[in-house]
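Here is a short tour of one protein model, written to be read with the structure open beside you. Please keep the viewer at hand as you go.

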Amino acid sequence: MMKKLILAGLALVLFTACQNQPQRYTQTSPEIETYKAGIKDYTDKNWESLMSNYADTANVFFNTSKPMLATNLPTYHQNSDISFSSRGFVDKGQEYEMVLTDDGKTWVNFWGTWKAILAANNKELEIPVHLTAQFLNGKIVREYGYWDSAPIVLAIQEIEATKMTEEPTE
């Protein structure tokens with residue numbers, strides 16, 4: 001009888017301890033909705049709305065370990081857009097999650113497919129992308145983006161090589 005009482009007590013303590021833990025993972029949150037709006041703003045080239053999601057001092061790391069101030073994102077994207085007649089994220093298959101880390105930081109992760117059409121030859125590119133952003137007080141304070149840029153580089157090199165062979169020689 002005493003053994004059952006002790007086991008029941010331990011079970012109650014474990015159950016109670018688990019109930020007091022904050023939710024560490026979710027697929028619905030205000031931060032996720034903010035990030036979804038930012039993905040749409042990027043696709044729609046709505047730079048002012050996109051920038052409203054970032055803290056003034058936010059740092060962004062896109063395929064690099066060197067930070068870029070988030071205030072430079074519109075220029076960064078506009079410079080990249082020169083090569084494309086269209087570009088944006090495919091709606092189908094997008095995944096979002098929010099994670100609360102052990103040290104209390106809030107991160108939103110995004111997985112999606114970026115699709116673009118090269119202006120010079122109408123070649124279509126599809127590239128898987130992973131983005132992750134740290135939120136503080138409802139604003140992005142740090143963001144990382146990872147994707148394989150090799151297909152873009154190779155496609156642009158192919159365009160340049162074609163231009164070289166088409167130019168008349170003297």
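The report below covers the basis of the model, its core, some helices, a pocket and a few backbone angles.

## Basis of the model

This is a predicted model, in which local features need pLDDT of at least 70 and side-chain atom pairs count only at pLDDT 80 or more, while totals for chains, interfaces and linings use all residues. Residues are numbered from 1 along each chain as its sequence is written, and side-chain values use heavy atoms, with hydrogens and water left out.

Helices (H or I, at least four residues) and strands (E, at least two) are DSSP runs, numbered from the N terminus. Buried stands for under 20% relative accessible area, exposed for over 50%, and partly exposed for in between (1.4 Å probe, protein chains only).

## The nonpolar core

Let's start inside. A nonpolar core is a set of buried Ala, Val, Leu, Ile, Met, Phe, Trp, Tyr and Cys residues joined through side-chain atoms within 4.5 Å. The largest one here has 33 residues, and Y35, Y54, L73, F89, W114 and L131 have the most contacts inside it. At least two residues each come from α2 (30–44), α3 (47–51), β2, β4, β5 (95–100), β6, β7 and α5. The largest share, 6 residues, belongs to β7.

Leaving aside residues up to four places away in sequence, Y54 touches V60, A70, L73, K139, I140 and E143 (contact means heavy atoms within 4.5 Å).

Helix α5 (residues 150–166) has 17 residues and should span 24 Å at 1.5 Å a residue, which agrees with the 24 Å between its end C-alpha atoms; the expected span is 1.5 Å times one less than the number of residues. I152, A155 and I159 are buried in α5. Seen down the axis, the buried residues fall within an arc of 70°, so they line one face of the helix; the arc is that of the directions from the helix axis to the C-beta atoms. They pack against β4 (84–89), β6 (106–118) and β7 (124–136), whereas L154, M164 and T165 are exposed on the other side of α5.

The 15 residues of α2 should span 21 Å at 1.5 Å a residue, and its end C-alpha atoms are 21 Å apart, which agrees. Its buried residues are E31, I32, Y35, G38, I39, D41 and Y42.

## Helix α4 and the largest pocket

In α4 (73–81), L73, P74, H77 and D81 are buried. They cover an arc of only 100° around the axis, which puts them on the same side of α4. Their cover includes α2, α3, β2, β3, β4 and β8.

A pocket is an open set of points on a 1 Å grid over the protein atoms alone, where a 1.4 Å probe fits, with protein on both sides within 12 Å along at least five of seven lines; lining residues have an atom within 4 Å of a point. The largest pocket is lined by 26 residues, with Y42, F62, Y76, H77 and W147 nearest its centre. α4 gives the most to this lining, with 5 residues.

## Positive phi angles

Most residues other than glycine have a negative phi. N63, in the loop between β2 (54–62) and β3 (68–69), has a positive phi of about 55° and counts as partly exposed at 36% relative accessibility. N122, in the loop between β6 and β7, has a phi near 60° and counts as exposed at 57% relative accessibility. Just after α2, K45 takes a positive phi of about 60°.
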